[in-house]
Amino acid sequence: YEIMPSLVGSEMCIRDRLVTKKTKMMKKILVLILCVLVYSALFAQSNEDKKTVFQLSFVPPLSTNGAYSHQYTNTVSLNLLVGISRNEEAFTWGGISNIILNDAKGFQMAGLSNYVGNDGQGVQSAGLANINKHKFSGFQMAGLANTASAMTGFQFAGLVNIAKEVNGLQVAGLVNIAKEVNGVQFAGLVNIADKSDCPIGLINIIKNGEMGVAVTYDALGSTVATFRSGGRYTYGIIGVGYNHKTENNSLVAEGGFGAHIPVTSWFRINNELKASTIGNDSDEPVLNTGYSLIPSFRIGKHIELFGGVGINYMMTKDVSNSKIFPNHSLWKKTGSTKLQQLYIGYQFGVQYIF
């Protein structure tokens, strides 16, 4: 029992020494950080041309360029959370965001956003958005949105791309918006532009383009009202209708893309890739997909007559729908749980062009 007090005292002494060492170490680290920041601030004030090869930033003004980060042109910037600079010349990485007040060149990558106050050139990648106030040349990729006043190159966004002038390619999961496009717009749903000859989307609102409403009939017995919209060369198709060969579950939905081959002012050849489902109100609808070659004739300013043939594949898991399938086929496979068929079909219709 007499030994116990001495052991306890020794243990407390060791603990005190460890705490003291840790405290001294933390103080040294803090002093070192403060020295770096003070030196950076002094260096920033004495550097007249405000250029540096490397910037390390936590959040403004905690960076190697101090409180004058917004005046600096950097070759490489490593921003642990957020960084700010005047220009970037080669590589910029931001854990959250890069804020570049003037021009950016090279590669900018951020967890959430890249902002460029003037022109961008090179590659931009952001988890949320790339924002360029003026011109951008190169490749933009964002999880949500890309914006630029004038874009030359490629924009890819999970949701939306926005630009005034586009020379290249816009690809968006939902919407592309532009003024004048010299290239291609591809959107999962909508393309919007004043001028765009090659929009690829289900709905294309093009000011100098073409929009119309058509009624079609095909070899399966489906009558469908469609909205067709696009530019000079490409267009989108979306529609609903009715199939008279089914007793129940007769609702038809249709969507696809088309391409015009202009021949004369009153004649052109349309190429269409479409997919439709018959019996959308049932658990097992009939799926029909195919390609059609369709000559069309313009009558006056607003009326177009068209008709043609195509190769189609159709499938259903509801064998009671067998009577919808054509009697002729290029290939056919039947079973107790699935019907498949490859056949030559036709469609014809009339369109009113706005």
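Two strands pair if DSSP finds at least two bridges between them, and strands here are DSSP runs of E, at least two residues long, numbered from the N terminus. The model is predicted, so to speak of a local feature takes pLDDT of at least 70 and a side-chain atom pair needs 80 or more, while totals for chains, interfaces and linings use all residues. Numbering starts from 1 along each chain as its sequence is written, and side-chain values use heavy atoms, with hydrogens and water left out.

**View 1. Strand 5 pairs with strand 3 and with strand 7.** Six bridges link strand 3 (residues 73-79) to strand 5 (residues 87-94), and the pairing is parallel. Look for Leu78, whose bridge partner in strand 5 is Trp93. Strand 5 also runs parallel to strand 7 (residues 104-110), joined by five bridges.

**View 2. A cis peptide bond joins Pro60 to Pro61.** Omega for this bond is near 5°. Most peptide bonds are trans. You will find Pro61 in the loop between strand 1 (51-59) and strand 2 (62-63).

**View 3. Gln185 is a buried residue of strand 14.** Strand 14 covers residues 175-187. Gln185 has a relative accessible area of 0%, so it counts as buried (under 20%; exposed is over 50%, partly exposed in between, with a 1.4 Å probe and protein chains only). Leaving out residues up to four places away in sequence, the contacts of Gln185 (heavy atoms within 4.5 Å) include Gln170, Asn176, Ile177 and Ala178. Also among them are Asn191, Ile192, Ala193, Ser196 and Cys198, together with Pro199, Ile200 and Ile206.

**View 4. Ile311 is a partly exposed residue of strand 25.** Because its relative accessibility is 38%, Ile311 is classed as partly exposed. Neighbours within four places in sequence aside, Ile311 is in contact with Thr289, Gly290, Tyr291, Leu330, Leu342, Tyr343 and Ile344. Take Leu330 as one example: Ile311 and Leu330 lie 19 residues apart in sequence, with 9.3 Å between their C-alpha atoms.

**View 5. Strand 19 has strand 20 and strand 27 as antiparallel partners.** Strand 19 (residues 210-218) shows a covered face made of Glu210, Gly212, Ala214, Thr216 and Asp218. Its uncovered face carries Met211, Val213, Val215 and Tyr217. Eight bridges tie strand 19 to strand 20, where Gly230 stands opposite Glu210. These two strands form a hairpin with three residues between them, and Gly221 in the turn has a positive phi of about 90°. Most residues other than glycine have a negative phi. Seven bridges join strand 19 to strand 27, and Val215 faces Val350 there.

View 6. A cavity is a set of points on a 1 Å grid over the protein atoms alone where a 1.4 Å probe fits but cannot get out; lining residues have an atom within 4 Å of a point. Points are joined across faces, edges and corners, and volume is the space filled by probe spheres set on them. The whole structure holds two cavities of 30 Å³ or more. Of the 18 residues lining the largest one, Asp218, Lys274, Asn288, Ser292 and Asn312 lie nearest its centre. Strand 23 (267-278), strand 24 (286-299), strand 25 (303-316) and strand 27 (339-353) each give two or more residues to this lining. By class the lining has five nonpolar, nine polar and four charged residues (Ala, Val, Leu, Ile, Met, Phe, Trp, Tyr, Cys and Pro are nonpolar, Asp, Glu, Lys and Arg charged, the others, Gly among them, polar).

**View 7. The second largest cavity holds about 100 Å³ of space.** Its lining has 13 residues, with Glu210, Tyr235, His260, Arg268 and Gln351 nearest the centre. Strand 20 (222-230), strand 23 and strand 25 supply at least two lining residues each. Two residues of this lining are nonpolar, six polar and five charged.

**View 8. The largest pocket has a volume of about 340 Å³.** A pocket is an open set of points with protein on both sides within 12 Å along at least five of seven lines. Glu210, Gly231, Arg232, Arg268 and Arg298 lie nearest the pocket's centre, among 22 lining residues. Two or more of these residues come from each of strand 19, strand 22 (251-262), strand 23 and strand 24. Strand 24 gives the most, with three. The lining divides into eight nonpolar, eight polar and six charged residues.

Technical notes
Helix = DSSP H or I, 4+ residues; strand = E, 2+ residues; numbered from the N terminus.
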